[in-house]
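Hi everyone, thanks for coming.

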Amino acid sequence: MTVQGETMSEVRIVLLDGFDLFEAIAAKQAFELANRALRTTRHSAMYSAGFFAQQAGPVRSDCEVALIAQALPDKLARRVDHMILVAGSDATQVLRHPTATQREFITWLARESARIGRLAAIGEAAFVLVHAAIGDTRPPAPSDQAAAAASTSGIELALQMITHDVGHRTAMQVAQRFVPTPERIGAPFRFRSRLGANANGDERVLTLNRWIASHLRQHLTNDLLAQRLSMTPRTFLRFYQRATGFTPARAVEQIRVEHACHVLETTMMTLKDIAHRSGFSSQELMRRTFVRLLEMPPSQYRRQFYGRV
């Protein structure tokens with residue numbers, strides 16, 4: 001697709017009744033954020049993303065909010081680079097008793113799949129529909145694309161596509177706008193704790209977290225942190241967990257890992273020194289914490305992210 005001399009990668013997000021509203025909007029927003037990032041380097045947009053359905057007009061979501069969609073043509077006039085199907089969450093219903101609309105879409109997709117470059121599904125029901133339409137007739141995707149064939153997360157799926165299309169740097173810029181967690185996207189992006197985003201705007205929490213980050217070598221107990229806010233330990237524990245979703249001990253761990261990640265990304269300091277500066281009692285404890293939170297040891301994290309800040 002070409003717009004005013006620019007080559008655009010077309011993304012059609014196809015909505016079926018009962019689709020996941022959040023994931024559909026998140027996927028579209030990810031591609032729009034990628035365009036914003038690409039304009040700073042290429043002075044042009046890369047993606048043209050829109051919502052489509054079998055008929056033009058409103059499509060009901062899982063929370064009864066409707067999105068206005070364009071109509072899919074009876075026959076695709078040209079190749080579509082990316083098509084993402086978003087359906088409801090009830091895969092069992094699709095398997096046993098597909099609606100007339102779902103059967104109609106299966107027939108259309110089976111006929112038109114040869115004109116679709118990359119086909120993906122958000123949610124189990126969408127995956128069932130795609131599989132019913134194309135089964136094992138479509139050639140297997142390259143290994144770097146296979147992971148994005150189906151996902152429960154619109155953000156995750158879009159990030160995988162963007163990474164494949166234009167590279168890790170742009171995908172990381174998009175990911176940072178969503179404040180993702182390592183658990184959500186399998187830790188392919190730099191680790192940052194969620195404490196600031198989860199503080200609910202409470203300046204006491206933000207100030208305390210900054211103090212923790214500057215005193216990582218201290219023994220940061222619940223009693224010590226409670227004293228900083230002039231609270232009893234029991235009151236502080238309830239207050240902090242309610243504000244951030246973390247216990248104080250887990251929060252300290254998150255801040256220590258974030259500090260260690262930043263040092264790994266920007267320096268070649270030894271792992272032993274990084275562990276000491278980040279407040280871990282030993283290099284082995286830092287390694288075990290990384291494996292538990294990020295599913296990789298510090299050495300692997302450095303290999304993946306050093307120099308990419």
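Let me start with a definition: a salt bridge here is a side-chain nitrogen of Lys or Arg within 4 Å of a carboxyl oxygen of Asp or Glu. With that rule, the structure holds 10 salt bridges.

A word on where this comes from: this is a predicted model, where local features need pLDDT of at least 70, side-chain atom pairs count only at pLDDT 80 or more, and totals for chains, interfaces and linings use all residues. Residues are numbered from 1 along each chain as its sequence is written, and side-chain values use heavy atoms, with hydrogens and water left out.

Now to some of the pairs. Glu32 bridges to Lys28, with the closest N and O atoms 2.4 Å apart. Both residues sit in helix H1 (residues 21-42), 4 residues apart, about one turn of the helix. When I say helix, I mean a DSSP run of H or I with at least four residues, numbered from the N terminus.

Lys28 is buried, at 18%, whereas Glu32 is partly exposed, at 38%.

Next, Arg287 pairs with Glu284, the closest N and O atoms being 2.9 Å apart. These two lie in helix H13 (residues 283-294), 3 residues apart, again about one turn of the helix. Arg287 is partly exposed at 35% relative accessibility, and Glu284 is partly exposed at 35% too. Elsewhere, salt bridges that share partners join Glu10, Arg12 and Arg78 into one network.

One further pair: Arg210 and Glu203 form a salt bridge, with closest N and O atoms 2.8 Å apart. Arg210 is partly exposed at 48%, and so is Glu203, at 45%.

Let's move on to the helix packing. Helix H3 (residues 100-112) and helix H4 (residues 124-134) pack at an angle of about 50 degrees, their axes 8 Å apart. Which residues make the contact, meaning heavy atoms within 4.5 Å? From H3 come Gln102, Ile106, Leu109 and Ala110, and from H4 come Leu129, Val130, Ala132 and Ala133. These divide into 7 nonpolar, 1 polar and no charged, where nonpolar covers Ala, Val, Leu, Ile, Met, Phe, Trp, Tyr, Cys and Pro, charged covers Asp, Glu, Lys and Arg, and polar covers the others, Gly among them.

Conventions
Axes are lines fitted to C-alpha atoms, for helices over the stretch in contact, and angles run from 0 to 180 degrees between N-to-C directions. Contact means heavy atoms within 4.5 Å. Buried means under 20% relative accessible area, exposed over 50%, partly exposed in between (1.4 Å probe, protein chains only).
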